[in-house]
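Subject: Structure handover

Hello,

Here is the structure we spoke about. My notes on it follow below.

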Amino acid sequence: MVGMAARGIGIPMLLSCNSISVKLKSVGFGRPLHGVAAFRATTDKKNKKKAKATSEIISAKVGLMKEKRRTRSNKDYNYDSIIQQSASAHVPVMLGEVLDVFSSSRSITSFVDCTLGAAGHSSAIIQAHPELKFYVGMDVDPVAHEKARARINSFSHAHFNLKTHTVVKNFRHIKSVLGQFDENQLNCGVDGILMDLGMSSMQVNNPERGFSVLGDGPLDMRMDPQASLKAEDILNSWPDVEVGRVLREYGEESNWHLLQNKIVEVRLRGGLHSTSELVDLIRNVTPGMRGGRQGWLKTATRVFQALRIAVNDELETLENSLYACFDCLAPGGRLAVIAFHSLEDRIVKQTFLDIIDRNGVDMEESEVERAGGDWRNVRNDNNINEMWIRQIIQGQNGKILTKRPITPAEEEERRNGRCRSAKLRVIQKI
């Protein structure tokens with residue numbers, strides 16, 4: 001005690017410290033923090049606040065950058081008009097924007113819908129172009145084809161000069177299909193081609209097709225019911241490294257390795273045979289910290305996307321078909337593609353750039369200007385400004401009319417949640 005008193009610490013000070021310690025313990029703080037420990041605690045708290053604030057700022061900037069990079073449609077979205085134009089209760093995605101691409105001010109005598117679906121886009125196109133003489137609708141799904149065919153054929157009575165053809169074929173066969181119906185049309189080219197790569201509600205809402213995360217059904221996922229490969233085959237028979245590659249590359253799933261291992265483990269107990277079994281596996285694997293229900297639901301959506309792409313070989317088919325479709329265009333003809341996820345959109349973007357002879361390189365505006373590119377608003381044959389076209393990339397073989405993809409108007413996005421990820425890109429042949 002003498003030594004402490006000599007250092008200036010008296011008995012009253014010691015009592016005071018002890019009483020504070022007792023009070024801190026009594027309210028649950030445990031041992032009081034002194035010196036370095038107290039400084040570290042304060043610093044950690046400040047760092048956490050700073051990190052959180054920085055994270056929020058970065059998220060806001062990323063969101064702003066994404067918004068700047070998108071070209072949101074300013075088209076008025078009239079739901080009742082859309083229903084009337086599509087001649088069905090089915091609401092086609094970005095119908096107003098598609099009609100602008102194939103504007104009534106442009107003469108279109110031949111048109112191909114590569115993804116017929118419920119014929120929503122096609123019905124509106126046919127009604128908007130009384131001069132149309134040759135039409136082909138393609139869909140690999142026989143159920144969709146059967147429902148759309150009657151609707152398309154009904155327009156023959158109002159369009160006396162129109163020849164309509166519908167066929168159950170994948171769009172990769174567009175050249176052979178055109179040659180089958182009109183060899184001269186194949187040689188001369190068509191005025192317009194549309195590809196809507198989205199899933200039809202007829203497919204998603206039917207649990208027997210196996211596309212829905214929320215509906216119980218077989219692990220099928222074939223767009224063409226006559227095809228041999230099913231999602232069940234991939235999950236239960238493919239090598240584990242291939243399963244992992246599918247999840248990683250086609251689903252862009254960060255948790256792919258753990259999912260791959262769990263899928264292989266389940267094989268020892270009989271494998272996976274229904275969508276509900278696969279969803280249960282995903283729910284058990286997905287950590288709660290990844291967003292609870294939304295966390296597993298987003299993971300399941302990515303896994304189902306990956307399997308669907310693999311089953312139908314969608315990405316390679318898409319790339320090859322884009323080249324084939326462009327070859328089938330007449331001079332001045334347009335190809336419009338609506339993609340719904342980043343993998344598809346990336347392929348459309350890079351293939352368009354390669355088609356117009358830019359070597360598949362995504363050039364910035366300054367680079368295009370140095371290379372002689374044209375970034376002006378363009379005008380159609382009637383010298384009427386097409387307001388939906390904002391920036392184009394001019395190439396040797398064609399021009400991309402959408403430097404950045406057009407995304408749905410806010411009102412359409414609000415009324416139809418499924419269109420939220422849609423991106424429209426358009427290329428025109430020279």
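A residue counts as buried when its relative accessible area is under 20%. Please keep in mind that this is a predicted model.

Helix α16 spans residues 314-327, 14 residues in total. From its first C-alpha to its last it reaches 20 Å, close to the 20 Å expected at 1.5 Å a residue. The buried residues of α16 are Glu314, Leu315, Thr317, Leu318, Ser321, Leu322, Ala324, Cys325 and Phe326.

On the cysteines: there are zero disulfides in the structure. Cysteine 325 takes part in none, and the nearest cysteine sulfur, which belongs to cysteine 114, lies 3.9 Å away. Cysteine 325 counts as buried because its relative accessibility is 0%. Cysteine 328 is likewise in no disulfide; its nearest cysteine sulfur is that of cysteine 325, 6.4 Å away. With a relative accessible area of 1%, cysteine 328 is buried.

The other item is a helix pair. The axes of α12 (residues 240-250) and α13 (residues 256-267) come within 9 Å and cross at roughly 140°. The angle therefore makes α12 oblique to α13, since only angles over 145 degrees count as roughly antiparallel. The crossing of the two helices, α12 and α13, is right-handed. On the α12 side, the contact is made by Asp240, Val241, Val243, Gly244, Leu247 and Arg248. From α13, the contributing residues are Trp256, Leu259, Gln260, Ile263, Val264 and Arg267.

Regards

Key
Residues are numbered from 1 along each chain as its sequence is written. This is a predicted model: local features need pLDDT of at least 70, side-chain atom pairs count only at pLDDT 80 or more; totals for chains, interfaces and linings use all residues. Side-chain values use heavy atoms; hydrogens and water are left out. A disulfide is a pair of cysteine sulfur atoms within 2.5 Å. Buried means under 20% relative accessible area, exposed over 50%, partly exposed in between (1.4 Å probe, protein chains only). Helices (H or I, at least four residues) and strands (E, at least two) are DSSP runs, numbered from the N terminus. The expected span of a helix is 1.5 Å times one less than its number of residues. Axes are lines fitted to C-alpha atoms, for helices over the stretch in contact, and angles run from 0 to 180 degrees between N-to-C directions. Angles under 35 degrees count as roughly parallel, over 145 as roughly antiparallel, 65 to 115 as roughly perpendicular and the rest as oblique. A crossing is left-handed if the near helix is turned anticlockwise from the far one by less than a right angle, and right-handed if clockwise. Contact means heavy atoms within 4.5 Å.
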